[in-house]
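Please look over the sequence and the model first, then read the points below.

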Amino acid sequence: RAKADGRARVVMYDEDMHHRASMRLETESQLARAISRDELRVFYQPIVDISTEETVGFEALVRWEHPDRGFISPTEFIPIAEQTGSIVAIGEWVLTEALRQVQAWRSQLAECHDLTIAVNLSARQLQDANFVQVVSDIITRSGIDASAVHLEITESMVINNLDLASATLSGLRGLGVRLSLDDFGTGWSSLTYLKQLPVQTIKIDRSFIDGLGGKDPQAPAFVNAIVSLARALEMDVVAEGIETREQLSELRRLGGSLAQGYLWSRPRPPKEIPGWLAEEKMRTVRLADLRAVS
Ligand code: C2E
Ligand code: MG
Ligand code: MG
Ligand code: MG
């Protein structure tokens, strides 16, 4: 009896593994076709100047609108795309779409001529010998100022091949784009990479921001240290994941200057952005009026 049970369990385990493996294969091949089937979407999350709470730019965040499964998060499909290599085509598509879109807003919307656009890169893209040329062509075709383009990297992306990655990053800097070190503080040797890589912006990881507002007594010290470091290195610093007014006021007290988070907006589809910017203009003008009279 025990033997029979054991066998049944083995069979079930097998079937489960088999099911997952074939699901995975199906996802991989569907992902490879996602671009040509027009299933990828770029959402935009505002990055604000914390002194005025005005939007200075956006981060582009990709989503996969699957015909049966609905919206799939990048945390689910980007790792698969990285393993199969389809990240190279996806990354190129996201960059092309985001630069085109933001340049359209810059040229069409009043008071939005300086909007910046941040796009996440993957390790595989940096290893491509043509990558600098690819980025250069996309910038030229979009018509955007290279200085408005911020490319986000993480230390885990460069860990395996620091020399090659550094060379590519220097090439990108040569185009005039800005480089940001994303998820700062979550890796093993953030300071080493900060020292070695030609980055102009540090993005403080959400895990540090989460502790602000009394939740973690050590969090302010970490945020303060990162902000001071950025300032001393003459880099910009963006706090990721601001969700509450308490976190915002603590960040202000600690000297932060830029932030993004659900407090202002979740990543939104592009059609919502012009209306959202117009509303924000009214809000911030009113805020400035209030400050002027008080
Ligand atoms: P990331 O680059 O660190 O992006 C920030 C993530 O934090 C986004 O998740 C964003 O929606 C989320 N976030 C922003 N504010 C808040 C907040 O206040 N609270 C909370 N809880 N979350 C917040 P998302 O869009 O799911 O993206 C996850 C990750 O997927 C990104 O992390 C990035 O590493 C990767 N990713 C997204 N788009 C791309 C892409 O086009 N290419 C590549 N290579 N990776 C991408
Ligand atoms: Mg990012
Ligand atoms: Mg991040
Ligand atoms: Mg990340």
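A polar contact is a pair of N or O atoms within 3.5 Å. The model is predicted.

**Surroundings of ligand 1**

- A polar side-chain atom of arginine 206 lies 3.1 Å from a nitrogen atom of ligand 1.
- The side chain of serine 122 has an N or O atom 3.0 Å from a nitrogen atom of ligand 1, and the side chain of asparagine 120 has one 2.8 Å from an oxygen atom of the ligand.
- Taken alone, ligand 1 exposes 800 Å², of which the protein buries 84%.
- Ligand 1 is surrounded by 23 residues, the closest being Arg63, Asn120, Asp182, Glu243 and Tyr262.
- At least two residues of this shell come from each of strand 2 (54-66), helix 2 (74-84) and strand 6; strand 2 gives the most, with four residues.

**Magnesium sites**

- Glutamate 152 belongs to strand 5 (residues 149-153) and aspartate 182 to strand 6 (residues 178-184), so the pair ties together parts that are 30 residues apart in sequence.
- Both glutamate 152 and aspartate 182 are buried.
- Aspartate 182 also bridges the magnesium ion (ligand 2) and the magnesium ion (ligand 3), which lie 4.2 Å apart.

Notes: Residues numbered from 1 in each chain as written. Chains lettered and ligands numbered in written order. Predicted model: local features only at pLDDT ≥ 70, side-chain atom pairs only at ≥ 80, totals over all residues. Heavy atoms only, no water. Donors = N, O, S within 2.8 Å, 3.2 Å for Na, K, Ca; no water. Buried < 20%, exposed > 50% of the residue type's maximum accessible area, 1.4 Å probe, protein only. Near = heavy atom within 4 Å. Polar contact = N/O pair within 3.5 Å; in protein donor to acceptor, adjacent residues only side chain to side chain. Areas by Shrake-Rupley, 256 points an atom, 1.4 Å probe, with all protein chains shown as cover.
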